[in-house]
Amino acid sequence: MKGNKISSFQGFLKLTKRVRKSKTNSLTTSIFSLPNELLITEVLARVAATSVCDFFNLILSCKAFHQTADDNYILGHVSLDKVPVIPWRSPKQAFFLEKCKETGHPEALYREGVVQYFSFAKVGEGLNCLNSAAKVGHVGAAYVLGVILLCIDKGGDGRRLLNYVKSKKGIGESRKKFKDVINRLWLNNFLEPNPNACPMQAQHRRKQRWPSDDDDDDDDDVSCEACGCHLQVIFVCNLLRGIVTY
């Protein structure tokens with residue numbers, strides 16, 4: 001009887017040791033043993049989309065993260081809030097921004113489109129970048145492209161793009177973003193508005209003041225589509241002309 005108790009006790013000790021060992025191994029399992037897709041999606045991609053500073057700190061923390069950081073999916077979603085529109089003084093930031101653009105990053109394409117069109121006066125390149133960004137849902141790019149098309153063409157594509165921005169409640173934010181970008185540029189290309197296409201514009205009521213980049217109502221009181229789009233065109237054209245005061 002006594003021997004059976006001793007045997008049972010020794011078995012219990014062995015089982016306890018196995019459990020402890022299992023828990024230790026489980027706790028010390030490296031995060032890098034996870035599938036690479038999970039590592040990218042759940043860690044780097046989320047951090048990159050939230051803060052570019054935290055992203056850089058993370059990829060410098062270990063070799064595995066650094067090697068994964070060049071993934072196109074991550075670079076296509078990284079936040080550019082802290083990256084200058086044109087990083088004149090930082091070749092590293094310029095290289096990083098270029099890589100983001102190559103992956104099809106919507107914000108990088110938007111910035112490049114505005115810079116090429118309004119600063120470098122490269123109309124074709126600017127339109128291509130804005131169009132690529134707008135196609136993947138960048139509201140700011142759709143806004144700027146819509147205004148440009150209404151200035152250079154009387155077709156319906158420009159109006160369609162502005163209607164899309166309005167449906168997303170993005171007019172006010174798009175104005176703010178555009179103003180923020182061009183305030184950092186030396187402007188060499190401007191826009192001239194076409195006449196308002198609405199035959200009854202004099203009879204249509206609208207605000208008694210031009211929209212500002214602080215407006216949040218997206219000009220909902222402009223009942224006529226043509227008049228509403230023309231209002232945005234005039235706002236952008238005036239904004240561009242008002243930037244250069246020297």
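Where does His105 lie? In this predicted model, select His105 to begin: the residue is in the loop between helix H6 (91–102) and H7. His105 counts as buried, because its relative accessibility is 6%, under the 20% cut-off. Display its side chain next; one of its polar atoms lies 2.5 Å from the backbone oxygen of Val78. Beyond neighbours within four places in sequence, the residues in contact with His105 are Leu75, Gly76, His77, Val78, Leu80 and Cys100.

Proceed to the largest nonpolar core, which has 38 residues. Select Tyr110, Val114, Phe118, Tyr143, Phe178 and Leu191, the residues with the most contacts inside this core. At least two core residues come from each of helices H7 (106–119), H8 (123–135), H9 (139–152), H10 (157–167), H11 (171–182) and H12 (225–243). H9 gives the most, with 9 residues.

Sequence neighbours within four places aside, Phe118 is in contact with Val144, Ile148, Phe178, Trp186, Leu187, Asn188, Asn189, Leu191 and Leu240.

Finally, display H9 and H11 together. Their axes come within 9 Å and cross at roughly 80°, so the two helices are roughly perpendicular to each other. On the H9 side, select Val139, Gly140, Tyr143 and Val144; on the H11 side, Ile171, Ser174, Arg175 and Phe178 make the contact. Coloured by class, this contact shows 5 nonpolar, 2 polar and 1 charged residues.

Technical notes
Residues numbered from 1 in each chain as written. Predicted model: local features only at pLDDT ≥ 70, side-chain atom pairs only at ≥ 80, totals over all residues. Heavy atoms only, no water. Core = buried A, V, L, I, M, F, W, Y, C linked by side-chain atoms within 4.5 Å. Buried < 20%, exposed > 50% of the residue type's maximum accessible area, 1.4 Å probe, protein only. Helix = DSSP H or I, 4+ residues; strand = E, 2+ residues; numbered from the N terminus. Contact = heavy atoms within 4.5 Å. Polar contact = N/O pair within 3.5 Å; in protein donor to acceptor, adjacent residues only side chain to side chain. Axes fitted to C-alpha atoms, helices over the stretch in contact; angles between N-to-C directions. Parallel < 35°, antiparallel > 145°, perpendicular 65-115°, else oblique. Nonpolar A, V, L, I, M, F, W, Y, C, P; charged D, E, K, R; others polar.
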